[in-house]
Amino acid sequence: MPSKLKRRTAEFDAEAALARLQELAREQSERFSPYADQAKETAALRLHQARGWTAPRLEQAAQRVEDTVAPRVADLLTSAAHKVDPGPLRGRRRLPRVLVFAGAATLGAIAVYGVLKLRQASQDAEWQENLDQAREQVRETREQLSAKAKQAKEKVTGTAAEVKDDAEEAKETAAAGAKKSAQELNGRVKK
């Protein structure tokens, strides 16, 4: 038999053997796949059970050590117990990031709104204080005017020239006081 023919036959036999082996491997993987899944589930369950069994015992040991040895050692065992504790069998639910960001944005907006309201309230209080001061000045000016009017009335019994001078003086004082009060009031309201 020529060597070329032998080589082709060997290659053909090798390819056929490889195909058979691949088919056998597929069959075996299909056959053992459920067992692998079951083994995985069983291992997860056993691990969960082991952690559930271990966590309370670590907690008890921590309590005993805490009472007798030292608080530092007890804290370490307690933290280990919390790390080992499997929690519920289902995964823990976490808040979506969008919800966290929305909450943070809402809190920020509320804080800004509160600051603006406080600032507005402070400005309103300042304006009210200025308005009260202006009212007080107007009241004082009115009292001064009424005092001048009484003096002028008393002097009416005196000479007419004195009355005329006093009336003009009272009038000027009243005009100056009213003008000054109006200017101060306008200046404070514009602030």
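Where does Thr141 lie? I found Thr141 in helix α3. Helices here are DSSP runs of H or I with at least four residues, and strands are runs of E with at least two, numbered from the N terminus.

Ground rules first. The model is predicted, so I note that local features need pLDDT of at least 70 and side-chain atom pairs pLDDT 80 or more, while totals for chains, interfaces and linings use all residues. Residues are numbered from 1 along each chain as its sequence is written, and side-chain values use heavy atoms, without hydrogens and water.

**Fold and confidence.** I count four helices and zero strands in the chain. The mean pLDDT (the predictor's confidence in each residue, from 0 to 100) is 79 for the chain. Confidence is highest in α3, at 85, and lowest in α4 (residues 160-190), at a mean of 71.

**Thr141.** Is Thr141 buried or exposed? Thr141 is buried, because its relative accessibility is 14%; the cut-offs are under 20% for buried, over 50% for exposed and partly exposed in between, with a 1.4 Å probe and protein chains only. I looked up its contacts (heavy atoms within 4.5 Å). Leaving out residues up to four places away in sequence, Thr141 touches Gly177, Ala178 and Ser181. A polar atom of the Thr141 side chain lies 2.8 Å from the backbone oxygen of Gln137.

**Leu95.** I then turned to the loop between α2 (71-84) and α3 (97-156), where Leu95 lies. Leu95 counts as exposed because its relative accessible area is 62%.

**Burial overall.** Of the 191 residues in the chain, 9% are buried.

Terms used. Polar contact = N/O pair within 3.5 Å; in protein donor to acceptor, adjacent residues only side chain to side chain.
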